[in-house]
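Here is a short briefing to read beside the sequence and the 3D view. Have a look at the model, then follow the notes topic by topic.

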Amino acid sequence: MDHDAAVQVIALQVKSFSERQKPFRIYHGSTNSTRASQRRADNTIDTSRLDHVLSVNKTAMTALVEPNVPLDQLVSATLPHGLIPPVVMEFPGITVGGGFSGTSGESSSFRHGAFDTTIDSIEIVLPDGVVTRASKKDKPDLFWGAASAFGTIGVVTMLEIQLKPAKTYVRLNYTLSQGASDSVTRIREQCDSDANDFVDGIVFDMNTTLICAGRLVDELPPGQKARTFSGRRDPWFYIRARDVQKLLKKKRKKHGAKEQASTEDVVVVDYIPLVDYLFRYDRGGFWVAKYSFNYFLTPFNRITRYLLDRFMHTRVMYRAVHKSGLADYYMVQDVGVPFDRTAEFQSWLHDNFNIYPLWLCPLRVRRDDLNSSYGLHSEFSDPDTPDLMNFGVWGPLASHTRREVVEMNRALERKVQELKGKKWLYAHAYYSEEEFWQNYDRTSYDALRKKYGAKYLPSVYDKVKVDVDKEEADRNRTWKTRMRAIIGNIWPLRGLKGFYGAAKGGDYLMGKKKDGNGDSSMAKQ
């Protein structure tokens, strides 16, 4: 079925729901979110087959893309033209539509902004079934409203994405900072350098942060070998980063503390093929997969990682997470705080959770378009909007009950709000409804929903909230549900359920598409 025909089918379905004022949800297929994607016959619009790159325009440096195109498929389509998207999220299964809806970012976002700012226009089915287009210049309220609405203002069916020239390799410089304040200073310096195309960091402990600054290059220096991360025999990027920070510590000690205090030339350099860099965190899901080794009491070494490599790719890992439900007992959050509050927030995380490593990613969220003050993040149109430091906080919590885990997540949300930061909504939200709308622009969002006839649809809050009371009521509904809950909490049954689900289903295995369905919204920024 071609694009226009597929969109007309969706439009007729949406119109039918609209006439009955019956709320519907959008089914994307698999998901790179900690919130599972569910498909129900009676209230679901299935967009999982909208997964094609429709065209690449080398002259205009744009691509027309359906929303369920995963990023590795998009990159594969643009690279033969010598082009790549300005922002490519780190997991290959994150989709174009998911990145647009989820305010996603990556290591190039210090320069190019969130993924939604790299989109020029969208095609969208409005809640009454009308198909229209919106861009930064034409219907900008609809464009920016849809950019963060998770399908609650309409069904996005096509996106026009900007592209930029690609090169063969990324020259990645690794340096160490000492302490949170030093990290902020050094990351800011790297962001201010016109030579850099990518900047991020990994916090290994309160006093050790590895800063990674990359630039696109076409040539390898004589005698230099490319370092790869996508092969089964390759190290995870996290393993390489861990080893580099140990090496840099030794170099610092050799230089001597006094000399090092005034020296910044202790550097390790890798030349990484472009695609390997873009998806460098796929194997191991940054470092989150190492927790599965701990869970199953399995040695974490080169041999076991090689043998289990099939299960260490994020597409399969997300399937396992959804089948097992183990994410309910971990901290899995991405939050951004203003640069000048970074050290304070890192200290708070250390004192309250002591989760390491942490991911740091500088984000330019300020929108340059004059007509962009719409939607959940309308304040990003303010020219004084500060850059944010994104923290990826992913790890086990010192807790044994679901209620305790929820309270720890709520504490994180309150701290981010106190620091005037932002929590990204690919993951579970634990806010009360009142708290939620203190963080996002309800006035603009509700006005758009009213204007475009979307009030009968679930709200963003309805889609992302966690209702623990309902969870407990569902578990206690019958003796069968109670027994399932009891048995599921017995180690290692919950983990085995996830492992079995990943092995049996695996709509994506080894990064190769099997059934034609695209992954849904974000994840990771």
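**Rings, cores and a paired strand**

The structure holds 35 aromatic pairs, where rings of Phe, Tyr and Trp (its six-membered ring) pair if their centres lie within 6.5 Å, and planes under 30 degrees apart count as stacked, over 60 as edge-to-face and the rest as tilted. This is a predicted model, in which local features need pLDDT of at least 70 and side-chain atom pairs count only at pLDDT 80 or more, while totals for chains, interfaces and linings use all residues. Residues are numbered from 1 along each chain as its sequence is written, and side-chain values use heavy atoms, with hydrogens and water left out.

**Aromatic pairs around phenylalanine 436**

- The rings of phenylalanine 436 and tyrosine 440 have centres 4.7 Å apart and planes at 35 degrees, so this pair is tilted.
- Phenylalanine 436 is buried, with a relative accessible area of 0%, and tyrosine 440 counts as buried at 3%; buried means under 20% relative accessible area, exposed over 50% and partly exposed in between (1.4 Å probe, protein chains only).
- Phenylalanine 436 also forms a tilted pair with tyrosine 461, at 5.2 Å centre to centre and 55 degrees between the planes.
- Because phenylalanine 436 lies in helix H15 (residues 433–439) and tyrosine 461 in helix H17 (residues 460–464), the pair ties together parts that are 25 residues apart in sequence. Helices (H or I, at least four residues) and strands (E, at least two) are DSSP runs, numbered from the N terminus.
- Tyrosine 461 is buried, as is phenylalanine 436.

**A ring cluster and charges over rings**

- Ring pairs link a cluster whose members include Phe91, Tyr174, Phe237, Tyr281 and Trp394.
- Arginine 280 lies over the face of phenylalanine 237, at 5.8 Å from the ring centre; a charge sits over a ring if NZ of Lys or CZ of Arg is within 6 Å of the ring centre and within 35 degrees of the ring normal.
- Arginine 232 lies over the face of tyrosine 306, at 4.6 Å from the ring centre.
- Leaving aside neighbours within four places in sequence, phenylalanine 237 is in contact (heavy atoms within 4.5 Å) with residues including Leu172, Ile202, Cys212 and Arg280.

**Nonpolar cores**

- The largest nonpolar core has 96 residues, of which Phe100, Ile122, Tyr174, Leu210, Phe237 and Phe436 touch the most other members. Such a core is a set of buried Ala, Val, Leu, Ile, Met, Phe, Trp, Tyr and Cys residues joined through side-chain atoms within 4.5 Å.
- Helix H7 (residues 237–255) gives the largest share of this core, six residues.
- Another core, of 27 residues, lies apart from it, and Trp348, Phe353, Phe391 and Leu397 are among its members.

**Helix H19**

- In helix H19 (residues 479–488), the buried residues are Thr481, Ala485 and Gly488.
- Down the axis of H19 these fall within an arc of 70 degrees, so they line one face of the helix; the arc is that of the directions from the helix axis to the C-beta atoms.
- They pack against helix H18 (468–475) and helix H20 (493–504).
- Exposed Trp479 and Ile486 sit on the face of H19 turned away from its buried side.

**Strand S11**

- Strand S11 (residues 198–205) is largely enclosed by the rest of the structure, because seven of its eight residues are buried.
- S11 runs antiparallel to strand S12 (residues 208–217), joined by seven bridges; two strands pair if DSSP finds at least two bridges between them.
- A hairpin through two residues joins S11 to S12, and aspartate 205 stands opposite threonine 208 in S12.
- Three bridges join S11 to antiparallel strand S15 (residues 358–363), where leucine 358 is the bridge partner of valine 203.
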